[in-house]
Amino acid sequence: MTSLTNPEKDRYNLTAPEVFANPYPTYRRILQQEPVYWNDFLGGWYLMRYQDVASAMQDKRISAKRAPISKLSQLEQQNVFPLLESLSKWMLFCDPPEHTRLRTLFNKAFTPNIIGSMAPSIHSLVDQLIDSIYERGNIDIIHDLAYPIPAIVIAQMLGANSEDYEQFKKWSSDLAKFFGLFRMDTEILTNAKKSLLEMKQYFQFILAQRRCQSQDDLISSLIFAQEKENSLSDEEILSNCVFLTFAGHETTTNLIANGLLALLANPSQMQKLKNDPSLITTAVEEFLRYDSPVQRQARITLTDLEINGQQIRTGQRLFLVIGAANRDPEQFFNPDKLDITRSQNPHLAFGKGTHFCLGASLARLEAQIAINTIVQRLPNLRLDTDQIEWYENPSLRGMKSMPVAFNF
Ligand code: HEM
């Protein structure tokens, strides 16, 4: 493993294990000292203020079309070309007009009616999973509940076999490691390429099946749109199915688990929710703000511009630090306090503007049902470790496991 640049240039130590464990004190320090700062080690400008992050998300001079990782040598670029080529088709990495065309087609699967109609099946999935662990008394929230719930839901939505969800785990975690890469690691690059190609092959097979026999799923509706409007290539369908599989569960797993962790650390808030389950709507918004599953998103500038007194040059990378913006005291009253009844909560956990999360209402629904059912059905829920291990990933905030105990 060779480092991209000199690690000493990361003067706030953003990649230290203790900062991954709890980044918020460091974010606050940067926000107070230099809210727009150049991090040479990580190769970009860090934007920490709520207003700067929200404005950058909506600024047409700032593009989403960035390479997911900077500073690859030519040889490394050649090696991962199929990966980069496929990622360039993800709507997340496109600007209008390509973005608008893709988003419009996929939007049709995420209307409020469609998402709302999924509630009964999500309820029964959560109940079934809890039934299967009910007698045990000790479980890993991530492995037993927070991972399978969104993974099975997105598999079913796309038209994949829900029993294959375990396979998605390996593929997605290889991609997650790639997106969290902050120093060159050939093994991570190679695994990400291999997993992405395997995922595409998997969806290619379903695509071929659905062409022969259409079903009531997203892939069939994309084939229909492709035939009708002739504006979507197979490559775009496959790449965005891979993206939805990844985006559809990595983040939601972490919302469910980080939310439960926040409740366990704040027993009075836990009690409030137990007493009044209707608080779950504002509670999930608060979990999204308080410990955001997506901590930062990258962008690239299309022109020279100034942000908060700093001169940014064309082609420079920006990191919009959602996790810091959501704790900015200029925007949120008492930002380090978990308040599940918080009413003014315009957090940026799902982004803002053109790339606002397509799956936000699905993620909200899954987390509301999962967290409320877990809290109501598992009595005396408590953490069963004093050593939580966090992934060392600057983009996606999640625990490796979350052992809990409960009893009757
Ligand atoms: C807690 C769960 C989730 C969080 C925190 C989250 C967060 C985000 C964020 C921050 C963005 C904007 C990225 C940017 O501006 O660059 C985004 C985009 C997106 N998300 Fe999510 N997401 C979640 C769940 C989901 C789910 C369940 C799906 C789909 C089933 C999904 C699909 C997407 C898609 C397709 C985009 C790209 C939208 C576009 O480029 O127009 N997400 N998400």
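Is Cys357 buried, exposed or partly exposed, and what is its relative accessible area? In this predicted model, Cys357 has a relative accessible area of 29% and is therefore classed as partly exposed, since the partly exposed class lies between the 20% limit for buried residues and the 50% limit for exposed ones. The residue is placed in the loop between helix 17 and helix 18, and its SG atom, at 2.3 Å, is the only protein donor of the iron atom of the ligand.

The confidence of the prediction may be considered next. The protein chain has a mean pLDDT of 93, and 97% of its residues reach 70 or more. Residues 1–7, however, stay under 50 in pLDDT, and for this segment the model has 16 contacts beyond four places in sequence.

The loop that holds Cys357 is also the location of Asn345, which lies between helix 17, spanning residues 322–325, and helix 18, spanning residues 360–377. Asn345 counts as buried because its relative accessibility is 13%, a value to be read against the limit of under 20% for that class. The side chain of Asn345 forms a polar contact of 3.3 Å with the side chain of Glu286. When neighbours within four places in sequence are left aside, Glu286 is joined by Glu285, Arg289 and Phe332 in the set of residues in contact with Asn345.

For Trp90, once residues up to four places away in sequence are not counted, the residues touched are Leu175, Phe179, Leu196, Ser239, Asn240, Val242, Phe243 and Phe246.

Finally, the cysteines were examined for pairing, and a search of the whole structure finds 0 disulfides. Cys94 illustrates this result, because the closest cysteine sulfur, in Cys241, is 15 Å from the sulfur of Cys94 and is too far for a bond, the cut-off for a disulfide being 2.5 Å. Cys94 is buried, as its relative accessible area is 4%, whereas Cys357, with 29%, is partly exposed.

How values were computed: Residues are numbered from 1 along each chain as its sequence is written. This is a predicted model: local features need pLDDT of at least 70, side-chain atom pairs count only at pLDDT 80 or more; totals for chains, interfaces and linings use all residues. Side-chain values use heavy atoms; hydrogens and water are left out. Helices (H or I, at least four residues) and strands (E, at least two) are DSSP runs, numbered from the N terminus. Buried means under 20% relative accessible area, exposed over 50%, partly exposed in between (1.4 Å probe, protein chains only). A polar contact is a pair of N or O atoms within 3.5 Å; within protein, one must be able to donate a hydrogen and the other to accept it, and residues adjacent in sequence count only if both atoms are side-chain atoms. Contact means heavy atoms within 4.5 Å. Donors are N, O and S atoms within 2.8 Å of the metal (3.2 Å for Na, K and Ca); water is not among the atoms, so sites may look incomplete. pLDDT is the predictor's confidence in each residue, from 0 to 100.
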